[in-house]
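Please open the structure in your viewer and keep the selection panel at hand. The stops below are meant to be followed in order.

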Amino acid sequence: NNSYQLSSLPLHILLYVNGVYYIFYFLATLAMIIYKSQVFSYPDEFLVPDLAVLFLMAVLEVPRLYLGFKGNLTEAEAPLGLSLGLTVGSVLLCVYLLLWQSYVLWADVLLNAVLLASYGLESGLKVTAIAAFVS
Amino acid sequence: PADTRDAAQAQVRSAPAPVTDVARLCVCDLLVAQCDTNCCCDPDCSAEDFSLFTTCSIPVVMGDSQLCSQKAAVYSLDVEANPPERIFKLIDRVNPSIFCIHSTNYEQALYLKSPEIPTAENFDELLDKFGGATFSAEPDSWNLDTDAQNSPETNETSRYEYGVPVQTEDAFLRLPSPVVSSWCSDANPAGFLVNQATKCIRSVSVEKCDSIQALSMLFYINSSILASVFQVNITVQSIVVQSVNGMRTLLSPSEVLRLPKVLDELCINAVLGVNYHITHTDTGEIIEAAAAFVLGAISREVLSIEQSFEISFTQENTQPVPLSGNPGYVVGLPVRAGFQPQGYPSPAAFLFASLALSSNKHSQLTILHSTSTQDCLAAQGARTPVLFGYNMISGCKLRITAAMKCQPLAQTLLDVLKGQSFPEYVASFGNSQAQDVLDWVPITQLHISEQMIPHTLQSSCQIPVSLGIEVKWTKYGSLVNPQARIVNVTATITSTTLKQLPSGRERIIPITSSVVFTDISSPAEPSYKAWPTINIKLPFDFFYPFV
């Protein structure tokens, strides 16, 4: 890194890619839940929690990405820390969709695994960036 | 003791767990304790049976194919080996689709729901859900809109087809029958050529005796049947009056209508049963209709009576003979049997003449009918006809005292088992005529004596204890519409030795009779058309001038 620029470029790229991938992930998972409810027996008491988790994750993603971008660009560790906290929440929701959904298809496993991998990488980069900003 | 009882009760209350192990599931195992042909997963088959199979009817049994990986049991026949043997493999099958189910967290996802067993706690809720006459809202088709059917087109009533409701002046010929519950519904139409017999319950009261329409004869005969260009009136064929204690008397024939009226706290002339007889031509036109009534008396404390209705269709100038199938036997219809008339020589003679075919059900193939007393000697004569395809077993208990003599006892038991007139021939097809001798199969009789003690004297008492009738049938005819044909009937009487009892003691022996139907059809062979041959004929002077 240059001494006068602490913003992390890999983090920025990863956040951008994550944003685009998340849109695809959200639409694909929603489409698969609709497919599952038509093809398999999916009573309401099991469908509602799964949909709620998906929409909650979408709601969390927007501030998470915004705070990530802002923290990285303004080299402030508070928004980045907050974004890291929200990432932890997103990771938990993603793990739920990977393991504890009513029907976990093979496509679900792939999508969620990729998302988890990108969250993990992002968290690592954020921690590095916070360490760089603080010091 | 209280908790073990609760635990035992809890165990009884849950339904048995469904079998999900693919190695134990076998869909082609239909016969109990017998080997099914070409069923490679049948546990009742031995290695010799497998060597006779030609193919496996079920080659693979596997779990839900939507799972990403599931167990599959693969059955195949190794025809190269001598003798052919069955190969059973348990493999893991993988579903390559990206939308295969990797895992589920919802246990009932892939299995049918087990029904709830009623307990004291959920009984009320289950009764609310399932206790009514229908489980869900009645669909519209139940409310038969008689007004809509009220305008018959006269052109269409000239010829009736099978099952079409018989039209009358106002609506259709009604045959009251129970619908969803046992109460009579008057909206059931009688279908043409559909012989029906129904019984239902009607609520009555002596006060309203003459106002309840369904109790009066007029209700059943007042409308006339529409047939071609004229209308056929329903005539009263006969009236039987049933007294309060059940005795029936046939009234002298007269056309007098007897309407219900109150007399001495009884309602007399109430209709208890109607029997319609409709005569038709061979082109489907109704020419005659008659009704035979059973009238009875209703006393004051009776709140409901059971009415029985029957309708039968006869073609004009024919005597109906009930067939058991046309031509193959229909499952559930009685097996037809007959005798060779006396005085005729052995079956080798070609002048065989007709077998005595009678429609009296007691000279059909019958077996012992179990009665509630279960005493063989008390209920002599109760027989039930053997129905094609229905394996039956019945029996009774014989109490033997020391005073009983052997020979008369053996003869009585033979009568109990075989009945008064055990037939000698069984019809091969459901519509076999008595003149076609070759269509009748002789009953082979076997006697097996069950030796209890191997070295008893031959002069000791042998009494028959069981009669087993085995009927072997095969599928005959075309592949798409196979007809059942009886090929062989064997009646086996098993006797056992009766030891002499010390005086004063008695013994109870069970006597059984059974009928088993076995399918011995050989696999169907497709037949193909012959290859077309090229038929070239040269003109006869082709080789002129050499020939």
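Predicted model: local features only at pLDDT ≥ 70, side-chain atom pairs only at ≥ 80, totals over all residues.

**Stop 1: the interface.** Select chain A and chain B together. Here 12 residues of chain B are in contact with 18 residues of chain A. The two chains bury about 1,200 Å² between them, with carbon and sulfur atoms giving 64% of that area. Now pick Phe99(B), Asn105(B) and Tyr106(B): these supply 45% of the area that chain B buries against chain A, more than any other three residues. The side of chain B that touches chain A comprises seven nonpolar, five polar and no charged residues. Zero salt bridges are found across this interface, whereas nine residue pairs are in polar contact.

**Stop 2: strand 13 of chain B.** Select residues 266–280 of chain B, where 12 of the 15 residues are buried.

- Strand 12 (residues 261–263) pairs with strand 13 in the antiparallel sense over three bridges. In the two-residue turn of this hairpin, Asp264(B) has a positive phi of about 55°.
- Strand 14 (residues 286–299) is antiparallel to strand 13 over 12 bridges. Five residues separate the two strands of this hairpin, and Gly284(B) in the turn has a positive phi of about 95°.
- Strand 15 (residues 304–315) is parallel to strand 13 over eight bridges; there, Ile311(B) is the bridge partner of Tyr276(B).

Terms used
Residues numbered from 1 in each chain as written. Chains lettered and ligands numbered in written order. Heavy atoms only, no water. Contact = heavy atoms within 4.5 Å. Buried area = accessible area lost by both parts, 1.4 Å probe. Salt bridge = Lys/Arg side-chain N within 4 Å of Asp/Glu carboxyl O. Polar contact = N/O pair within 3.5 Å; in protein donor to acceptor, adjacent residues only side chain to side chain. Nonpolar A, V, L, I, M, F, W, Y, C, P; charged D, E, K, R; others polar. Buried < 20%, exposed > 50% of the residue type's maximum accessible area, 1.4 Å probe, protein only. Helix = DSSP H or I, 4+ residues; strand = E, 2+ residues; numbered from the N terminus. Pairing = 2+ DSSP bridges.
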